[in-house]
Amino acid sequence: MKKIDLFMIRSFIGQLILTFFIVLIIFILQFLWMYVDELAGKGLELKVLAELLFQFSLTFVPLSLPLAILLASLMTFGNLGEFLELTALKSAGVPLQRIMLPIFIFASCLAVASFLFADYVLPISTRKARTLLHDIRRKRPELNIQSGTFYNGIDGFSIKITDKDPETNRLEGIYIYDHREGIGNTAVIHADSGYMTVTADESGLILTLFNGYAYKDIEEKNVPQDKRKYPFRRDRFSEQTMVIELTGFGLSRSGMDLYRSNYAMLNTTQLTFFIDSLSGRYMIRSEAYFDEFSRTKLFTPGQYFSGDYYHYGDTSAARKLKDFNCRAAFDTLSFQDKSTSVNRALNLARDGTAFMIEKSESLMAEAKNLKRYEAERYKRYTLPIACLVFFFIGAPLGAIIRKGGLGTPAVISVLFFLFYYVITLSGEKFAKELIISVPLGMLASTLILLPLGIFLTYKATTDAAIMDAETYVLFFKKVGAFFTGIKPEKENEDTGSVT
């Protein structure tokens with residue numbers, strides 16, 4: 001059995017290394033596809049680009065490992081079944097669970113290593129990758145300005161363009177708001193079209209504008225308010241060149257403290273500390289809001305509520321709410337006092353409603369922020385668990401389909417991983433939006449796929465033909481016979497005729 005165990009582990013490790021790097025390369029290519037517009041044309045050095053790809057590749061390791069284990073398990077046991085090695089082991093009296101045991105132990109070690117990697121390496125690599133990407137984005141700002149939105153990355157200016165030609169870099173509908181004086185939108189430049197480039201030393205941004213006008217309010221100093229005339233200046237131009245000084249837009253490296261409190265860049269100990277702090281702050285604010293609402297909105301000033309009693313001032317006299325007849329007290333008032341009371345009650349109700357809406361939105365934002373940290377802490381444990389879940393799916397499924405290589409196993413693995421990924425993302429989103437609890441949202445994929453893995457292991461142990469089409473045809477015939485009352489046709493084993 002020791003030789004068989006070593007043979008199984010050697011077969012699995014080779015497939016695992018191959019599939020792991022294939023999956024990792026796919027994730028890196030996906031990253032490049034998403035950020036190619038922000039990386040192209042920045043004049044980045046090869047060392048900087050290699051560092052960026054290396055740091056982001058480390059962030060993809062915890063997600064790549066479960067898929068690699070699934071695919072490697074399918075290929076390993078598929079090869080054993082295809083070359084009848086699995087049949088030989090079962091004929092020798094070795095059960096499937098015993099054959100799976102060495103790879104299960106190895107996968108468990110990988111799961112533990114995945115947790116340690118996600119807890120100690122992943123936060124640091126994520127912070128370095130995001131910080132470097134932030135620095136790259138600030139380099140050559142003319143490439144970051146998108147059409148239809150205001151760009152505020154240049155100090156003292158707010159720039160908006162209506163349309164941008166990606167091939168010629170021609171800009172249409174340019175609006176430039178100069179805020180360097182800090183007195184609002186007093187200087188505005190509008191042009192029908194133009195071009196935007198950076199100087200050779202990257203110290204200035206050159207704007208070549210066509211067919212527009214410049215508007216500027218002239219501030220009157222030392223003039224009384226009632227005598228001001230609010231003069232302004234308006235210039236038209238057919239072509240104008242504008243140079244904006246750029247500072248800090250080269251690839252200046254930011255410190256590691258840029259994202260130090262982001263939930264994705266903390267280990268479990270730090271996440272626990274943040275969760276305790278945010279939970280305490282949430283409870284304190286909830287109690288403070290309720291106390292403020294009770295004292296200022298729910299009851300009249302000088303009167304507060306405790307239990308079933310109204311207390312007035314500092315006296316101990318109290319009256320139970322059930323003994324107070326609001327209708328009888330209202331009937332004793334005059335018509336004018338009734339109208340005044342109703343109006344005052346409506347105003348208090350509106351104030352109370354506005355107060356509750358404002359404070360509830362504030363508490364909702366606090367709760368969503370807290371759930372982000374809780375979901376991230378659960379994610380550190382769910383990804384290692386996914387390694388074992390995918391092993392219990394891949395190993396028995398490979399023994400059932402008996403197909404090795406990268407063909408059929410790759411297709412099945414991608415389908416299972418997409419199913420897992422969609423459920424995981426949906427559960428995480430629902431948990432962060434307070435729709436479901438965080439444990440249920442983060443463990444949803446595990447709760448769905450683990451029973452499937454147990455079922456496949458049972459079927460593979462009993463040599464069930466779940467991949468045989470005739471099995472499903474016979475099943476649906478029996479179902480149809482149950483509902484229609486017509487017995488399915490049977491084939492005569494001796495003559496082959498149908499009766």
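**Figure 1. Contacts of isoleucine 393 in the predicted model.** The view is taken from a predicted model. With neighbours within four places in sequence set aside, isoleucine 393 is in contact with Leu70, Phe416, Leu449, Gly453 and Leu456. Ile393 is also one of four residues, with Leu52, Ile69 and Phe77, that touch the most other members of the largest nonpolar core.

**Figure 2. The largest nonpolar core and another core apart from it.** The largest nonpolar core has 60 residues. Two or more residues of this core come from each of the elements α1, α2 (46-59), α3 (61-82), α4 (85-91), α5 (96-137), α8 (335-401), α9 (408-432) and α11 (444-461).

Figure 3. Serine 413 is located in helix α9. Its relative accessibility is 1%, so serine 413 counts as buried, the cut-off for buried being under 20%. Neighbours within four places in sequence aside, the contacts of serine 413 are Leu67, Leu70, Leu71 and Leu74. Of these, Leu70 is also in contact with isoleucine 393.

**Figure 4. A nonpolar patch on the surface.** Four residues, Leu18, Ile22, Ile26 and Leu406, make up this patch. Together they have about 330 Å² of accessible area. Leucine 18 belongs to helix α1, which covers residues 2-39. Leucine 18 counts as partly exposed because its relative accessibility is 41%, a value between the 20% and 50% cut-offs.

**Figure 5. Cysteine 109 and cysteine 387.** Cysteine 109 has a relative accessibility of 47% and therefore counts as partly exposed. Cysteine 387, in contrast, is buried, because its relative accessible area is 0%. A disulfide is a covalent bond between the sulfur atoms of two cysteines. The count of disulfides in the model is zero, with a cut-off of 2.5 Å between cysteine sulfur atoms.

**Figure 6. The whole protein, as context for the close-ups.** The protein contains twelve helices and nine strands. Of its 499 residues, 36% count as buried. The accessible surface comes to about 29900 Å², and carbon and sulfur atoms account for 60% of that surface. Among contacts between residues at least 6 apart in sequence, 66% join residues at least 24 apart.

Note on methods:
Residues numbered from 1 in each chain as written. Predicted model: local features only at pLDDT ≥ 70, side-chain atom pairs only at ≥ 80, totals over all residues. Heavy atoms only, no water. Patch = residues over 30% accessible without salt bridge, like charges linked within 9 Å, V, L, I, M, F, W, Y side chains within 5 Å. Areas by Shrake-Rupley, 256 points an atom, 1.4 Å probe, with all protein chains shown as cover. Salt bridge = Lys/Arg side-chain N within 4 Å of Asp/Glu carboxyl O. Helix = DSSP H or I, 4+ residues; strand = E, 2+ residues; numbered from the N terminus. Buried < 20%, exposed > 50% of the residue type's maximum accessible area, 1.4 Å probe, protein only. Core = buried A, V, L, I, M, F, W, Y, C linked by side-chain atoms within 4.5 Å. Contact = heavy atoms within 4.5 Å.
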